[in-house]
Amino acid sequence: MLGTKVVKAAGASVKIYGPGKVPVELIVDGQKHKLEIEPRVTLLDALRDELQITGAKRVCDRAECGACTVIIDGKAVYACAVLAIAVQGKQIATVESLMQGDKLHPIQQAFVENDASQCGFCTPGFVIALKAFLDKHPNASPEEVRRGLSGNVCRCGTYHGIQQAIAQLAQRGA
Amino acid sequence: MPDYSWPEAEQRTLIGKRISRVDSPAKVSGRAQYTYDYHGPNMLFGKVVRSPYAKAKIVSIDTTATEKLPGVKAVHIIQKPGSTVQWAGDEVVAVAAVDEATAEDAARAIKIQYRKMAHMVSDAEPPAGAGETPGPLSGDDVDDAIGNQMPDKQLIEALEQRGVSFKPEEDDLKEWKNEGASDDVINAIRKAPFHNVEGEQPHSYFQKAAVQTQGDPDKAMAEADVVSEGLYGASVIAHCCMEAHGSVTEWTDKDHVLTHISTQNVSGIAGQMAEPLEIPAANIRIHQDHMGGGFGSKFAADRWDITAARLSKKAGGRPVRIMLERDAELEVAGARPSAYARVKVGAKRDGTLTAWQSRSWGTGGPGGGGMPPIPYIFSIPNKRTEHTAIRTNIGPARAWRAPNHPQAAMITMGALDDLAAKLSMSPLDLWLKNLDITGPRKETYREELGIAADLMGWKEKWKARGQNTSEGIARGLGLSIHTWGGRGHTSDCDLIIHPDGSVEIKMGTQDIGTGTRTTIVIVAAETLGLPIEAINLYIGDTLYPPSGGSGGSTTPGGVSSSTRRAAVDARDALFAKVAPALNAQPSELECINGTVRVKGDPSRSLSWKQACSKLGAIPLTVRGKNPDKTKPPDLTNSGVGGVNMADVEVDMETGIVRVKKMVAVQDCGLIIDLKTAESSCYGAMTMGIGYALFEEKLFDPVTGRMLNPNMEFYRLAGLNDIPELVVHMMTGKGYDERGVIGLGEPPVISPGAAISNAVANAIGVRVPFLPITPDKVLAALSQIAKAGA
C-alpha cells in the first residue's frame with residue numbers, strides 16, 4: 001500500500017500515507033462515502049465514528065470476539081482488524097443492509113423467533129457472520145455452521161437460541 | 001377495592017406464554033442504539049491514563065506536552081501527586097480530544113512518575129495464624145495511615161503496641177513529614193520496636209472474621225460414621241460485558257448535564273453524580289436505550305463517568321465519551337471475589353449430615369471481602385466456620401450474578417458430593433436424604449430433583465466414581481441445588497391512555513438483556529385486553545418515573561407489580577367513563593380482545609378506540625407503584641429453588657473437559673414470559689460452563705498486573721462449548737400463585753458445582769478449584785497415580 005508522500009526510511013525513499021488526515025473513500029451498503037481520516041483509523045472506527053453506522057459493535061477491538069463483523073467482497077471480516085484506508089473500492093456490507101424496508105432477513109427472523117439475543121450487543125456480529133457463511137455454504141450442516149460461527153462470542157449465553165435459529169434455517173432451507 | 005391480583009390461569013391470554021422479546025427486531029437489525037453508539041454533536045473522545053503498577057505512589061504528573069497538542073480540548077488530573085494507586089489500571093489522568101487517534105497521542109504524551117510499592121495479588125491459602133493478630137505495621141501500613149490522616153493518637157498507639165516490620169529510612173520519614181505527619185508521629189516511627197517478618201506476607205493483608213459455631217461440631221465430627229475432607233473453591237473472574245463500561249456526558253448549559261451511560265441503574269445514577277459535580281441531581285438527565293450487559297457490575301457512576309463530565313465542563317460542555325478499552329474493562333471494571341475452603345463434613349452411615357467444619361478464604365480486592373454462605377442451603381446442625389479475607393491489589397470486586405452463591409455452591413455441593421462418594425451413595429440419594437434441612441423450599445427441591453433426574457436420564461447413566469471410562473474418555477454426572485431471594489424493587493409506572501386509544505407507559509427502568517421491556521408490555525396488554533404491539537413503552541430515562549436498579553433478580557417483580565397496579569387503575573378509570581354508554585355499572589365491564597364490554601355479553605361492547613373516545617379531550621394518566629400496601633396483594637415473592645445436573649466427558653490424556661448435557665429445573669413463581677425466562681436459564685448455564693471450565697483473572701505476582709486482559713486469553717464459552725441444554729420451568733399450582741420472582745441470579749449458581757461434581761465422578765478424584773482447566777485435571781490425575789504407586 002503505497003502513499004503519495006515520500007520520506008526517507010532506512011536510507012531508502014518510501015512512499016507513505018499520512019501522518020495526518022488523508023481522503024478515504026468507502027463503499028458501504030452500496031453507498032459511496034468520502035472521509036478525511038488518519039491512515040491508522042480502523043474500518044470499524046470509520047464506520048462507527050465517522051459514518052455513524054453502528055450495527056458493527058466495538059468490543060475487543062483486537063479480532064477476538066466477532067462483534068464488529070462485516071462482509072467485504074463476500075467474505076466475513078473483523079472490521080476492527082482492517083484499516084479503513086485498505087478497503088477502499090471494496091464492497092462493504094454491514095448488518096444494516098440485511099433488512100428490506102421493515103422486513104427482517106430470514107436469518108434475523110430466525111434469531112427473533114428463537115430468542116437468540118439477550119443484551120444484543122454481540123447479535124449483529126452473529127447475524128452478519130451467519131449471513132456470510134450461509135452465502136458461501138448454503139447446504140452446510142448445523143455442525144458446520146457452528147464451526148463457521150466459532151469466531152463470534154456472546155457473554156449473555158445466547159448460543160442455545162442461535163443453535164435453534166440455525167436448525168430452523170436449515171429446516172426451512174434458507 | 002379493585003382487584004390487583006394476577007389473573008387466574010384460565011383467564012391469561014399473554015402471561016406465561018412463549019412470547020418473543022419485543023426488542024429483538026431492533027437488536028438483530030443493528031438498529032438498537034446502545035450508549036457506545038451515541039455520537040453527540042461535536043463529540044470529544046476521552047482517554048484515561050492508567051497506573052501500570054498494582055500499588056504505587058504518584059510522584060509527579062506532567063501534562064505540558066499534552067496540553068500543547070492540536071486537537072486536545074481538556075486535560076483532567078484524576079489522582080493528584082501524593083495519591084496511592086491500589087491496583088494496576090487505576091485511573092490517574094484523562095484527556096479529551098477531537099478524535100480518538102489524537103486522544104491516544106495525547107494520553108501517551110503525559111509523563112507520570114511513580115514510586116512503586118509492595119503489592120499483593122495472590123489469593124493463595126493464608127499462612128497459619130494470619131490475620132489473627134494484626135502483626136507489626138509495614139511501611140505501606142504507615143503510608144496508608146498517614147495518607148488517610150489517621151488520628152495521631154491512634155497511629156502512635158499502634159506503632160508502640162504492634163511495632164514495625166521495616167527499618168525507617170530518612171527519605172521515607174522526610175516524605176511522611178511532607179505529607180503532614182506530625183513530629184510526634186515521626187518520633188514514634190523512629191522508636192517503634194522492629195519485628196523481623198521477612199519472607200512472610202504482612203499480616204495486614206489478612207482479615208480474619210469471627211469464628212461462627214453452632215451446636216457441637218467437635219463432638220458431632222468425632223461421632224460421625226463417615227468424615228470426608230476436601231479442598232474446594234472458585235477463582236476470581238471478570239464480568240467482561242460485551243458493551244464496555246462507560247458514558248458520554250455533555251453540559252447542555254452551565255447548570256445542566258446530560259449523560260448517556262451503560263447502566264443497570266438508570267434512576268440511581270443522577271444522585272451519584274450530583275455531589276462530585278456539585279449540581280443538584282435534578283439537573284442531571286440520564287439516558288439509555290439499550291444496554292450491552294452488566295451482570296452486576298454496572299450500578300455506579302464510576303470514576304471514569306465523573307471524569308467524562310469534568311472533561312466536558314472544561315471543554316465548554318461538548319459531549320465527552322469515555323468507553324473503557326477492553327483491557328481496562330477486564331482489569332478494573334469488575335471482579336467476582338474468589339472463595340476457597342478446606343472442608344470437613346461428617347455424616348451417619350445412612351447419609352444423614354451431622355457435622356461441618358470449614359476454614360475458608362478468598363479475595364474481593366482492596367476491601368478483602370466476606371465469607372460465602374457456607375454450608376450452602378443445607379443447615380447442618382453442628383458446624384464451625386472460619387473465614388479469612390485477603391486484601392489484594394487486584395482492583396475492587398463488584399457484584400457478579402448471585403453474589404457469593406456460586407462460590408458457596410461450589411464449596412458445599414463439592415464437599416457433599418465427595419462425602420456421597422465416600423458413603424458409596426449416589427449424590428442424588430444423599431441430597432434427597434437431607435432435604436429436611438434445606439428449609440422452606442424442600443418440597444420444591446424434591447419435585448425438581450425428580451424432574452431433573454428424568455430429563456438427565458440420571459438413573460440409567462449413573463455409575464460410581466471413576467467407573468465409566470472407555471478408550472481414554474471418562475464420563476460422569478454431577479448435580480447441585482441453589483436458592484435466591486428476589487422480591488420486587490421499588491418501581492413507579494406511569495400509564496397513559498389517550499382519547500384516540502393509544503397507550504403509553506413511562507418508567508425509569510432499564511432492560512439489561514433480561515426481557516424487562518417484554519415483561520412490562522405483556523402485563524399491560526394482558527390487563528387492558530390489548531395486543532402487546534398496542535403498548536408504547538418508554539424506559540431508560542430520568543424523565544420517566546423512577547424504578548429500581550436491576551440487581552438481585554428484583555426487576556421482574558418490581559416492574560410487573562407497578563405496571564399491573566397502573567393498568568388495573570387505568571382500566572377501572574376507563575370503565576367509569578365508558579359504563580353509561582354501555583348502560584352498565586363500571587364493575588360489570590371487562591376489556592378483552594381489544595374491546596370493552598359487559599362481562600359475558602359480547603353484544604354490549606365497544607371497540608377499545610370507541611371506548612377511549614369517552615375519555616374526553618385529556619388523556620388519562622395513572623401512576624402505579626411497587627411496593628404499595630394500600631393496593632394489595634403483594635404481587636411479588638421471594639425465595640426460589642433450582643436444580644442443575646451436568647453430564648461431562650473428560651479426555652484422560654489431555655485433561656480437556658467437555659460438557660455433554662446440562663439440565664436446569666427452576667422455580668421463579670409466576671412466569672410472565674416463558675420464552676425469555678427459559679433464555680435466562682440457557683444463558684446462565686452457558687455462563688456457568690464458562691466460569692466452570694475457562695474463566696479466571698490471572699495475576700502476575702511479580703508485576704501485579706492481570707495477565708489476560710483480553711478476549712483471547714480471558715476465554716468465554718463459545719458456540720462449540722455448548723452441549724444439549726435442557727430447561728424445565730416450574731409452573732402451575734404451587735408456583736404461579738406465589739407471584740412474580742426474578743430469574744437473573746438463581747440459574748447461574750449451580751453450574752460450576754454440578755460440572756465440578758461431574759468431573760469428580762468421571763475421573764475419580766476432585767479437581768479442587770474452578771475453572772477446571774486441563775492442567776488442573778492432569779494434576780489431580782497425577783495425585784491418584786502417586787497414591788496408587
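Analyst: Happy to! From the N terminus on, the elements of chain A run β-β-β-β-α-β-β-β-α-α-α-α. That comes to five helices and seven strands. Please keep in mind that this is a predicted model.

Let's begin with the overall dimensions. Taken along the principal axes, the C-alpha atoms of chain A fill a box of roughly 60 × 35 × 30 Å. Chain A has 174 residues, of which 51% count as buried. If you take the contacts in chain A between residues at least 6 apart in sequence, 53% of them join residues at least 24 apart.

Next, the domains. The domain assignment of chain A gives domain 1 as residues 22-94 and domain 2 as residues 106-172. Taken over C-alpha atoms, the centres of these two domains of chain A are separated by 22 Å. Where they meet, 13 residues of domain 1 of chain A are in contact with 13 residues of domain 2 of chain A. On the domain 1 side, β5 (69-72) and β6 (75-78) of chain A each supply at least two of the touching residues. The largest share of that side, three residues, comes from β5(A). By class, the domain 1 side that touches domain 2 of chain A divides into seven nonpolar, four polar and two charged residues.

Now for a pair of helices in chain A. In general, two packed helices are described by the angle between their axes and the distance between the axes. α2(A) and α3(A) pack at an angle of about 135 degrees, and their axes are 10 Å apart. The two helices are therefore oblique to each other. The crossing of α2(A) and α3(A) is right-handed. On the α2(A) side, the contact is made by I107(A), Q108(A) and F111(A), while α3(A) contributes T123(A), V127(A), L130(A) and K131(A). Sorted by class, this contact of α2(A) with α3(A) has four nonpolar residues, two polar ones and one charged one.

Across the interface, 50 residues of chain A are in contact with 45 residues of chain B. The elements of chain A that give two or more residues to this side are α1 (43-50), α2 (106-113), α3 (123-136), α4 (142-148) and α5 (159-172). The residues of chain A on the side that touches chain B divide into 21 nonpolar, 14 polar and 15 charged.

Elsewhere in chain B, S228(B) lies in strand β9 (residues 226-234). S228(B) is partly exposed, with 19 other C-beta atoms within 10 Å. Leaving aside its neighbours within four places in sequence, S228(B) is in contact with V345(B), A415(B), D418(B), L419(B) and K422(B).

Methods
Residues are numbered from 1 along each chain as its sequence is written. Chains are lettered from A and ligands numbered from 1 in the order in which they are written. This is a predicted model: local features need pLDDT of at least 70, side-chain atom pairs count only at pLDDT 80 or more; totals for chains, interfaces and linings use all residues. Two residues are in contact if their C-beta atoms, placed from the backbone, lie within 7 Å. Helices (H or I, at least four residues) and strands (E, at least two) are DSSP runs, numbered from the N terminus. Ala, Val, Leu, Ile, Met, Phe, Trp, Tyr, Cys and Pro count as nonpolar, Asp, Glu, Lys and Arg as charged, and the others, Gly among them, as polar. Domain bounds come from an automatic or database domain assignment. Axes are lines fitted to C-alpha atoms, for helices over the stretch in contact, and angles run from 0 to 180 degrees between N-to-C directions. Angles under 35 degrees count as roughly parallel, over 145 as roughly antiparallel, 65 to 115 as roughly perpendicular and the rest as oblique. A crossing is left-handed if the near helix is turned anticlockwise from the far one by less than a right angle, and right-handed if clockwise. A residue is buried if 20 or more other C-beta atoms lie within 10 Å of its own, exposed if 12 or fewer, and partly exposed in between; C-beta atoms are placed from the backbone.
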